[in-house]
Amino acid sequence: MWVGTIMQSTSYKLGRFFLCGLKHDSELARSVVKFAREKRVKMAFFTVVGAVKQARLAYYDQVEHEYQKIELDRPLEIANCFGNLSLKNGKPFAHVHAVLADKAGKTYAGHLIRATVFAAELHLQELLGKKLEREYDQTTGLALWEFGEL
Ligand code: ZN
């Protein structure tokens, strides 16, 4: 079903651009949030390249409204990893998706719940403007961006 309503959005100015090496054995998303907190970054988008020792991805079941976990207990390359940073319950929250590859080049992809960093490089673009909060959305069961009154 297609719905013909105007999508909500807001515009931001580009702030600082950071390059950061994530620590061995750290948890990927948590490290990104920690780095953002230290630098007082509220909103951002980022990419990560490198490798992880293990990961837990997830697939969101759109009927059941729950995440189905995909456990990957082995070393994997981060073939692609993209995320954004906004606020959830007033705190910085990273929404991260990743494509991870095993030694045969086989890939696993999805919503990244957690990953243990082997070595990883973070490229983070700060966004300056209105604070962006996530709020529970009844239709999808997800915490989506709430743009408020424009
Ligand atoms: Zn997701």
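This is a predicted model: local features need pLDDT of at least 70, side-chain atom pairs count only at pLDDT 80 or more; totals for chains, interfaces and linings use all residues.

Colleague: Great. Which protein donors does the zinc ion have?

Modeller: They are H95 through NE2, H97 through NE2 and H111 through ND1, lying 2.1 Å from the zinc ion. Donors here are N, O and S atoms within 2.8 Å of the metal (3.2 Å for Na, K and Ca), and because water is not among the atoms, sites may look incomplete.

Colleague: How are the donor residues spaced in sequence?

Modeller: The pattern is H-x1-H-x13-H.

Colleague: And what is the relative accessibility of H95?

Modeller: H95 is at 24%, which counts as partly exposed. H97 is partly exposed too, with a relative accessible area of 39%. For those words, buried means under 20% relative accessible area, exposed over 50%, and partly exposed in between (1.4 Å probe, protein chains only).

Colleague: Changing topic, how many salt bridges does a search of the whole structure find?

Modeller: It finds 4. The criterion is a side-chain nitrogen of Lys or Arg within 4 Å of a carboxyl oxygen of Asp or Glu.

Colleague: Let's take K53. Which side chain does it meet in a salt bridge?

Modeller: K53 meets D25, at 2.6 Å from N to O. The pair links distant parts of the chain, 28 residues apart: K53 is in strand β2 (residues 43-61), while D25 is in the loop between β1 (13-22) and α1 (28-38). Helices (H or I, at least four residues) and strands (E, at least two) are DSSP runs, numbered from the N terminus. K53 is partly exposed at 32%, and so is D25 at 46%.

Colleague: What about E71, which residue does it form a salt bridge with?

Modeller: With R56, where the closest N and O atoms are 2.7 Å apart. E71 lies in strand β3 (residues 66-72) and R56 in strand β2, so this pair ties together parts that are 15 residues apart in sequence. E71 is partly exposed at 41%, and R56 is partly exposed at 26%.

Colleague: Which residues form the nonpolar patch on the surface?

Modeller: L14, F45 and F82, with about 310 Å² of accessible area together. Patches are made of residues with over 30% relative accessible area and no salt bridge, joining like charges within 9 Å and nonpolar side chains (Val, Leu, Ile, Met, Phe, Trp, Tyr) within 5 Å. F82 lies in strand β4 (residues 76-88) and is partly exposed at 45%.

Colleague: Last one, how many disulfides does the structure hold?

Modeller: It holds 0, taking a disulfide as a pair of cysteine sulfur atoms within 2.5 Å. For C20, the nearest cysteine sulfur is that of C81, 13 Å away.

Colleague: Are C20 and C81 buried or exposed?

Modeller: C20 is buried, with a relative accessible area of 18%, and C81 is buried at 1%.

Note on methods. Residues are numbered from 1 along each chain as its sequence is written. Side-chain values use heavy atoms; hydrogens and water are left out. Accessible areas come from the Shrake-Rupley method with a 1.4 Å probe; for residues, only the protein chains shown count as cover.
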